Amino acid sequence: MIKMDNLSVDHLIGIKDLTKQDIELIFKTADSFKQVINRPIKKVPSLRDITIANLFFENSTRTRLSFELAEKRLSADVVNFSAANSSVKKGETLIDTVNNILAMKVDLVVMRHPNPGAAKFLSEKVNARVVNAGDGTHEHPTQALLDAYSIREQHGEDFTGKKVVIVGDISHSRVALSNIFCLQKLGAEVMVCGPTTLIPKFIHELGVKVEHNLRKALEWCDVANMLRIQLERQEIKYFPSLREYSMLFGLDKEMLDSLSKKITVMHPGPINRGVEISSDVADSDQSIILQQVENGVAIRMAVIYLLAAKINRH
Amino acid sequence: MLNPNQMDKRTILNSKHVELTLKRLASQLKENHQSFENTVLIGLQPRGIHVLERLKTILEKDLSTKLICGQLDITFYRDDFRRRDQPLIPSVSNIDFIIEDKRVVLIDDVLYTGRSIRSGLDALLAFGRPKEVELLVLIDRQFERHLPIEPKYTGKPVNTLSSQVVVVEWEQHTGEDKVILCTEDDKNG
């Protein structure tokens, strides 16, 4: 037990608000929780008196499961809510829905919402800590933290000079934006790669490199994060066909083996096997996709633990 | 944490006393555990591990065998989470053996309210069900307990006021083994 500075924020809305020290504190705390979840008894009593509401206004399987497991392993009480079977359908506003839930004495809210900025809006209006579990195309901070944490496990604590390429649908991806902020704060170099239609026009203003040739991008990088094509967010056609996308921007074993160095392959899931990456790449020893999932629980435990520490019960 | 300049100091044990006390504790452990076949020693993070290290060195030299030792972090099991201004940041737990049916000796430097030991007992359960748990402390601050916890092996019992602080210094950190009693004379301004 070492006394250290607290997180600089009261809510986790986006990586943009965090400092490098915050990110490192989260990683250090996650190291301990990773030990905990590999023990025979994977549970600690730290959050015995905290109640957490998971509000999912948008579909999610692994993020919700990961948050729920993290909360339960910290011994918090958990209530789950998904928009599909709720009063939202009956015309209730977001604030009303959440205030009703908070009236039942909830300390912390984990929310996923299809509108960018929903988490920030909520954090200003309600009296509870808010963790953003993805707001539209804006940010998905815990995913970026677990991605960077997984890179740290493979390549060491110092990110200076590490090269990471994010491949795929950058325009519609909250994972991409959070990843860019997180990796840059840690000192890594970031490149985005994808079809011109899926790369935002002004993305270079964030200080990232842009490349439209997958092979060149992969030759440059140490780590490739292959994003899913988010067909559900694309209201118009951005490329002629999935087959063409896969031929130009899909990573297969042949290309992976032909690179001059061994790179690490990541994917935030869910994978469309044969589209972004082929099955043999997803299952190869260079892929850390399942480690990312395991680290997701440890990172979420760390985030919730550190935010809960700011709820004072003197 | 402690500013030694603001405190009035009194030595409880000097380096010679620390050495003798550790040797006596080691002998007492040997009496009860003989060959240490089914015994594991576990030091509490962050300060109990130094007591453990020293006892380990003495015992391994005497017995000429390797002892099974571990380090236990209790941060997540503490009962004062969210009741202090600073968050508690954990240390490393390092127990790479099963404690099921083992005789466990929990080791810490100073026993005060007993709350750390309570947390330690909780934390220990995550590694299995020990046959028996004993407590060894270098310093026992008697009459200050908040919980019904007593050590089986005590280096030195001392009577203190709750306004006082017992600090254990180790050779590898400060150049000299020493146990001192400090008084925060400016405690109330």
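Start by selecting residues 51–56 and 108–113 of chain A: these are strands S2 and S4, which run parallel and are joined by 5 bridges. Strands here are DSSP runs of E with at least two residues, helices are runs of H or I with at least four, and both are numbered from the N terminus. Two strands pair if DSSP finds at least two bridges between them. For one such bridge, click Ile52(A), whose partner in S4(A) is Leu108(A).

A word on what you are looking at: this is a predicted model, in which local features need pLDDT of at least 70 and side-chain atom pairs count only at pLDDT 80 or more, while totals for chains, interfaces and linings use all residues. Residues are numbered from 1 along each chain as its sequence is written, with chains lettered from A and ligands numbered from 1 in the order in which they are written.

Now widen the selection to the whole sheet. The order is S3-S2-S4-S5 in chain A, an open sheet of 4 strands with parallel pairing. Strand S3 (77–82) and strand S5 (129–135) sit at the edges with a single partner strand each, so one side of each has no neighbour in the sheet. From one strand to the next, the twist averages 15 degrees.

Next, go to Ser75(A), in the loop between helix H2 (62–73) and S3 of chain A. Ser75(A) isn't a glycine, yet its phi is positive, about 70 degrees. Most residues other than glycine have a negative phi, and most peptide bonds are trans. For an exception of the other kind, select Gly269(A) and Pro270(A): the peptide bond between them is cis, with omega near -10 degrees. Pro270(A) is in the loop between strand S10 (264–266) and helix H10 (279–282) of chain A.

Is Arg152(A), your next stop, buried or exposed? Arg152(A) is buried, because 20 other C-beta atoms lie within 10 Å (buried takes 20 or more, exposed 12 or fewer, and partly exposed is in between, with C-beta atoms placed from the backbone). Look for Arg152(A) in helix H5, residues 141–155 of chain A. Setting aside neighbours within four places in sequence, Arg152(A) is in contact with Phe27(A) and Glu157(A).

Over to chain B. Select 39–44 and 68–72: strands S2 and S3 of chain B pair in the parallel sense over 5 bridges. Gly43(B) stands opposite Gln71(B) in S3(B). Trace the chain from S2(B) through helix H2 (residues 48–63) to S3(B), a right-handed β-α-β crossover (clockwise from the first strand over the helix to the second, with the strands pointing away from the viewer). On the way, the loop between S2 and H2 of chain B holds Pro46(B), and the bond from Gln45(B) to Pro46(B) is cis, with omega near -5 degrees.

Last stop: show both chains. The contact takes 23 residues from chain A and 21 from chain B. On the chain B side, strand S4 (88–89) and helix H3 (115–125) each supply at least two residues.

Methods
Two residues are in contact if their C-beta atoms, placed from the backbone, lie within 7 Å. Axes are lines fitted to C-alpha atoms, for helices over the stretch in contact, and angles run from 0 to 180 degrees between N-to-C directions.
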